[in-house]
Amino acid sequence: AVVSTQSTGERKEGLYAINEICEMKNCNMTMFFEMRKKLDLFMWLSMVPNGPSARFLVQNVHTMDELRLTGNHLKSSRPLLTFNKAFDEQPHLSLIKEMLKQMFATPNMHPKSKPFYDHVLGFTYLDGRIWFRNFQITDQTEGSLVEVGPRFCLWLIKIFSGSFSGNVIYENPNYKSPNQYRTELKIAASHRYKAKAEKNAKKAAVEIVPKEDELDEIFHTITQDELKQAG
């Protein structure tokens, strides 16, 4: 679900309402997408009702139609989850790994799922971001895969002790908000424009001195004054 909010207070009330909805539906995990300024997409992963919860910035989203991917799989089939070794090297990544497992892993013999695997969900931590890929298993004996899509990456912002609230137990020191990033781009563009304008002004200020033509002396007419001076 996507909730559009007008203020910080309304946004917080909307997040608290998600906990109530999950409790009514007997849900212990929730994924919430939040759109800001019609430009920036954020994603929450939360364990209801006691937490923890994590907030991400969603980047580099590419759909199946956009990339013309040919893979396909059944809607209710169980996925295999894969994680690279980086998730086991830091405590906050281990926590994120466990939250992703509980969110995406389908329990065995679940009544609304197919009792077999036909696709792989891959999570790779690289360059400070979590990269997501979805593959169809075309041949289980050879392990051949065909990408289904979509593609996106998650940039971790904060991890909270509660569900959509609580103390901050981890904050990404390298995170840069989209507003800050756009501001830096504008400042860099203005600096480039200023430098170009100063360069053009310096060029215009340089006086262009015409070169003397060597042929001017050939066609020079000797005056009476010049004859008297020569005599």
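1. Salt bridges first: in this predicted model the count comes to eight. A few of them are worth a look in your viewer.

2. Asp40 and Arg182 form one of these pairs, with the closest N and O atoms 3.0 Å apart. Asp40 sits in strand β2 and Arg182 in helix α4 (residues 178-205), so this pair ties together parts that are 142 residues apart in sequence. Asp40 counts as buried, at 8% relative accessibility, while Arg182 is partly exposed at 28%.

3. Glu34 and Arg36 also form a salt bridge, their closest N and O atoms lying 3.4 Å apart. Glu34 is buried, with a relative accessible area of 1%, whereas Arg36 is partly exposed at 29%. Arg55 joins Glu34 and Arg36 in a network of salt bridges.

4. Lys176 meets Glu184 through their side chains, at 3.1 Å from N to O. Here Lys176 is partly exposed at 29% relative accessibility, and Glu184 is partly exposed at 35%.

5. Now for the nonpolar side. The largest nonpolar core has 20 residues, and Ala54, Phe56, Ile96, Phe123, Ile130 and Leu154 touch the most other members. Two or more residues come from each of β2 (40-47), β3 (53-62), α3 (91-104), β5 (117-126), β6 (129-139) and β8 (151-160). A separate core of eight residues lies apart from it, with Phe32, Val48, Phe160 and Phe164 among them.

6. Which residues does Leu154 contact, leaving aside its neighbours within four places in sequence? They are Met43, Phe56, Leu57, Val58, Arg129 and Ile130.

Definitions and conventions. Residues numbered from 1 in each chain as written. Predicted model: local features only at pLDDT ≥ 70, side-chain atom pairs only at ≥ 80, totals over all residues. Heavy atoms only, no water. Core = buried A, V, L, I, M, F, W, Y, C linked by side-chain atoms within 4.5 Å. Buried < 20%, exposed > 50% of the residue type's maximum accessible area, 1.4 Å probe, protein only. Helix = DSSP H or I, 4+ residues; strand = E, 2+ residues; numbered from the N terminus. Contact = heavy atoms within 4.5 Å. Salt bridge = Lys/Arg side-chain N within 4 Å of Asp/Glu carboxyl O.
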